[in-house]
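Subject: Structure handover

Hi,

Here is the structure for you to look over. My notes follow below it.

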Amino acid sequence: MNVKNNRRRRASQEKIVRAFIELLQTREIKEITVSDIIKAAQLNRSTFYANYVDIYDLADKTREVLEAEFSSVFADYDYMNGDSGSLRMFTHIRDNQLFYTTYFKLCYDDQHLISPYDQKRAEKEQLDKNIRYHIEFFRNGFNAVVKLWLAGGCRESPEEMAEVLKLEYRGRK
């Protein structure tokens, strides 16, 4: 019986995702085929299609899981007073480089970028009427910094990166 969340199905999905992430480390998403994934995962094509519509469906679902994990890790991050939060964030990024490198590779449409600060939280805190511009600016700047740091192999320490972020907010109240 093929129940939606049975153990065998979850194990197959995990194999597919692991194979996909492994392939993403050496190829772009458009270069990966279902055949590549099922060969690496040692599964049947029908198993792939029982779980995903296509490669982009797999990418979307994988990205959603990564975003949820990032959000849960930093749900209590206080970006206005968050020196320890930013240090925790950069430590997590350094310790999980594969996770973040994969995440950014899955942002093929540039619509879903990670940020420790989001629109709902900004509205809740009612920082100012133009907060959406600040969030967009921060989100893109933050992601550019993280991508650059990852591309360099995270040579700078998390402490140094937290200081970079802090200096960008110097003077902002």
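At what angle do the axes of helix α1 and helix α2 cross? Roughly 115°. Helix α1 covers residues 7-24 and helix α2 covers residues 34-41. Their axes come within 8 Å. The crossing of α1 past α2 is right-handed. Bear in mind that this is a predicted model.

Which residues make that contact? On the α1 side they are K15, I16, A19, F20 and L23. On the α2 side they are D36, I37, A40 and A41. Sorted by class, seven of the contact residues are nonpolar and two are charged. No polar residue takes part.

Now the whole chain.

- The chain has 173 residues, and 39% of them are buried.
- It holds nine helices and zero strands. Along the sequence the pattern reads α-α-α-α-α-α-α-α-α.
- The accessible surface comes to about 10,900 Å². Carbon and sulfur atoms account for 50% of that surface.
- Take the contacts between residues at least 6 apart in sequence: 63% of these join residues at least 24 apart.

Two residues deserve a look of their own.

I37 first. This residue sits in helix α2 and is one of those in the contact with α1. Is I37 buried or exposed? Its relative accessible area is 0%, so I37 is buried. Setting aside residues up to four places away in sequence, I37 touches I16, A19, F20, L23, I32, F48, I55 and L58. F48 is eleven residues from I37 in sequence. The C-alpha atoms of I37 and F48 are 8.5 Å apart.

Then T62. This residue is found in helix α4, residues 55-73. T62 has 5% relative accessibility, and the cut-off for buried is under 20%. T62 therefore counts as buried. What lies 2.7 Å from a polar atom of the T62 side chain? The backbone oxygen of L58. L58 is also among the residues that I37 touches. Beyond its neighbours within four places in sequence, T62 is in contact with V17, F20, I21 and L106.

Best wishes

Methods
Residues are numbered from 1 along each chain as its sequence is written. This is a predicted model: local features need pLDDT of at least 70, side-chain atom pairs count only at pLDDT 80 or more; totals for chains, interfaces and linings use all residues. Side-chain values use heavy atoms; hydrogens and water are left out. Axes are lines fitted to C-alpha atoms, for helices over the stretch in contact, and angles run from 0 to 180 degrees between N-to-C directions. Helices (H or I, at least four residues) and strands (E, at least two) are DSSP runs, numbered from the N terminus. A crossing is left-handed if the near helix is turned anticlockwise from the far one by less than a right angle, and right-handed if clockwise. Contact means heavy atoms within 4.5 Å. Ala, Val, Leu, Ile, Met, Phe, Trp, Tyr, Cys and Pro count as nonpolar, Asp, Glu, Lys and Arg as charged, and the others, Gly among them, as polar. Buried means under 20% relative accessible area, exposed over 50%, partly exposed in between (1.4 Å probe, protein chains only). Accessible areas come from the Shrake-Rupley method with a 1.4 Å probe; for residues, only the protein chains shown count as cover. A polar contact is a pair of N or O atoms within 3.5 Å; within protein, one must be able to donate a hydrogen and the other to accept it, and residues adjacent in sequence count only if both atoms are side-chain atoms.
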